[in-house]
Amino acid sequence: MLLKNPGFTLLAVITLALGIGANTAIFSVVNAVLLRSLPYVRADELVGVFMSAGGDEQGSRMPLSPAVYLNLKKNNNSFSDVAALSNKGWAANLTNAGEAERLQGFEVSANLFSLLGTNAELGRTFVAEEERPGSNRVVVLSHELWQRRFGADKGIIGRNLTLNNEQYSVVGILPPDFRFYTKTDVWTPLAFDAEGESARNSSYLEVVARRKAGVSLEQARIDADNITTAFINNPNSKLHARLTPPKDLLIREVRPMLLLLLSAVGFVLLIACANMANLSLARGTVRRRELAVRTALGASRIRVVKQLLIESALLAFAGGAVGLLAAHWSIKFLAAGLPEYLADVVLLQIDTTTLGFTIGVSLLTTFLFGFIPALQLSRVDLNRELKESGRTTITRSRFRSALVVTEIALAMITLVGAGLMLKSFWKLRHVDPGYKAEGVLTAQID
């Protein structure tokens, strides 16, 4: 029946592909960023620890000093392990392996990788003895750097690299699916001397901890706050320890925008469904005689509804398949729109969750645009339809009129929202900074 009407079928598949494809594409981002756990072992047990005088607001979060971190690591009762990394980063100049290159690195405590549940693909990660000055001239490479600069040479383990004019021995290569919270090429141990261990006023450590089994987030927060407050021992200090899942720190800024985009493409799907329901009813007016003949030959109303729903399901799943293909093609474009710190952490892909979402949306669209038209078209007046002898009659339908009104209303909501966002974007692009920006460059020197 669908092949007999190729124009209608093609229009229906394209319409549904746009609606389902847009929803699948945006859902793949929402799933990767908001729903999927961070790619670490038992990621729900991980918490970020920071100091704050004003709650959990972005601007009030302060890193920990080495003394506070080491004291918390030693005396807490809520965490199975506590690790740290320097928020200063570790910009490393690689100079003895061909063309010199600036690498992005981090200084991390030796237990960070074990805390995250990550093992080296080749070699090993750090050991506690390498957290001392003089013993910390070891480095772990990312899988991407190992392949790009060293041709995936397994003999790299034990070789010395010159980083910032110092010799570092390569001890391990991380697996390709390891994701850090920003793009990182090399890691080296965070080493404290005696003076550094006692430093209380130099706060530069991002701290990650793993809660013990059965310890709630609030229990861990109270424990961490009691320990740090007692250690700081300053009645005038308003600083308190705060805990938050690491993922919350990453997605805080993008969550509202992603939910807004998901709502927008939801409107697009509803518009597509309203359009398809109208097309189905319009097509049904020229199929009344066919449906009357089916009924006259003994088909029950349920059989007719089933026939129409099967046709709708075929259209929906064909549209879903094309939409899935379009979503797969658009992933690179969507990844480019994410903030850099998120694009390096999350892996955008069409996984089983996204596939299940597409199937679910296809089933939903079958119901939305197929069920009510099928019920209406299955009400066949045999006497009138068979007497018409093939003449087409056009009847007014309040339902079809309501669909048109709904479709236009949803389109207006979406267009107004898009227009407001474009206007805001244009205004942001034309804000007067208070100085002449033409020809001005900025540079960063470490």
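Reply: A salt bridge here is a side-chain nitrogen of Lys or Arg within 4 Å of a carboxyl oxygen of Asp or Glu. This is a predicted model, in which local features need pLDDT of at least 70 and side-chain atom pairs count only at pLDDT 80 or more, while totals for chains, interfaces and linings use all residues. Residues are numbered from 1 along each chain as its sequence is written, and side-chain values use heavy atoms, with hydrogens and water left out.

Me: Why is the contact between glutamate 45 and arginine 42 called a salt bridge?

Reply: The closest N and O atoms of glutamate 45 and arginine 42 are 3.2 Å apart, and the rule asks for a distance within 4 Å, so the pair qualifies. Arginine 42 also has a positive phi of about 45 degrees, although it is not a glycine.

Me: What makes glutamate 45 buried or exposed?

Reply: Buried means under 20% relative accessible area, exposed means over 50%, and partly exposed lies in between, with a 1.4 Å probe and protein chains only. Glutamate 45 has 17% relative accessibility and therefore counts as buried, whereas arginine 42, with 49%, is partly exposed.

Me: Which parts does the salt bridge of aspartate 351 and arginine 36 tie together?

Reply: The closest N and O atoms of aspartate 351 and arginine 36 are 2.9 Å apart. Helices (H or I, at least four residues) and strands (E, at least two) are DSSP runs, numbered from the N terminus. Aspartate 351 is buried at 16%, while arginine 36, at 22%, is partly exposed. The structure holds twelve salt bridges.

Me: Why is the aromatic pair of tyrosine 40 and phenylalanine 178 called tilted?

Reply: Rings of Phe, Tyr and Trp (its six-membered ring) pair if their centres lie within 6.5 Å; planes under 30 degrees apart count as stacked, over 60 as edge-to-face and the rest as tilted. By this rule the count comes to eleven aromatic pairs. For tyrosine 40 and phenylalanine 178 the centres are 6.2 Å apart and the planes 50 degrees apart, which makes the pair tilted. Tyrosine 40, with a relative accessible area of 14%, is buried, and phenylalanine 178 counts as buried at 11%.

Me: What makes the pair of phenylalanine 367 and phenylalanine 371 stacked?

Reply: The centres of phenylalanine 367 and phenylalanine 371 are 5.2 Å apart, with 20 degrees between the planes, and an angle under 30 degrees counts as stacked. Both residues lie in helix H12 (residues 352–377), four residues apart, about one turn of the helix. Phenylalanine 367, at 48%, and phenylalanine 371, at 30%, are partly exposed.

Me: How do you know that the length of helix H6 agrees with its number of residues?

Reply: The expected span of a helix is 1.5 Å times one less than its number of residues. For the 16 residues of helix H6 (residues 217–232) this should give 22 Å, and the end C-alpha atoms are 22 Å apart, which agrees. H6 is followed by asparagine 233, whose phi is positive, near 50 degrees. Asparagine 233 has a relative accessible area of 62% and is therefore exposed.
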